[in-house]
Amino acid sequence: MKLNWGTGIVIAIIGFIGFIMYFVITMSTGKSYNHDLVSDKYYQKELAYQNSINATKNAKALKENVRVEKKKEGLKIYFPTEFNPKDITGKVFLYRPSNKQLDFEMPISLSNTYLLVPEKRLLGGRWNITVSWNYKNKDYLYQKELIY
């Protein structure tokens with residue numbers, strides 16, 4: 001049987017469509033591919049977004065903002081020295097984009113000007129850190145991406 005060029009083009013197009021459909025079906029039904037949202041409470045977080053903008057502006061207006069340094073004992077989060085550490089309240093949230101199970105949150109309770117996140121809680125790789133804190137009824141927010 002002899003094939004002409006028109007039949008060859010049709011067979012090539014059908015083969016290509018079949019190849020693409022195989023990958024689409026594999027990606028959408030495969031159990032190893034996770035298609036979760038970044039956050040479970042997306043809409044509630046969106047409503048509180050203006051508060052985050054105001055807290056970020058407050059933090060940027062400070063002479064000395066929060067500083068994060070990687071040390072051998074863990075991650076040290078330094079707060080402004082002009083503030084009394086005992087009056088600072090809030091939380092530190094570390095978000096791991098690649099694995100939801102590694103995310104964790106720590107309350108801020110200071111006796112010194114820094115907070116230590118133990119090294120055993122942090123795996124190497126990319127982390128997003130959010131420090132949400134309050135000092136004398138004024139909210140502050142610090143966010144940064146870091147590689148540990």
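This is a predicted model: local features need pLDDT of at least 70, side-chain atom pairs count only at pLDDT 80 or more; totals for chains, interfaces and linings use all residues.
View 1. Five bridges join β1 to β2 (residues 74-78), and the two strands run antiparallel; strands are DSSP runs (E, at least two residues), numbered from the N terminus, and two strands pair if DSSP finds at least two bridges between them. A hairpin of two residues links β1 to β2.

**View 2. The open sheet.** Three strands, in the order β1-β2-β5, make up an open sheet with antiparallel pairing. Its edge strands, β1 (67-71) and β5 (114-118), each pair on one side only. Neighbouring strands of this sheet are turned against each other by 20° on average, direction ignored, where axes are lines fitted to C-alpha atoms and angles run from 0 to 180 degrees between N-to-C directions.

**View 3. The annotated segment, residues 6-25.** An unreviewed UniProt entry gives residues 6-25 the annotation "transmembrane region"; UniProt positions follow the numbering used here, feature names are shortened, and annotations may be inferred rather than shown by experiment. The span is 100% helix and 0% strand, and its end C-alpha atoms lie 29 Å apart, with helices taken as DSSP runs (H or I, at least four residues).

**Notes on all views.** Residues are numbered from 1 along each chain as its sequence is written, and side-chain values use heavy atoms, leaving out hydrogens and water. Local features need pLDDT of at least 70 and side-chain atom pairs count only at pLDDT 80 or more, whereas totals for chains, interfaces and linings use all residues.
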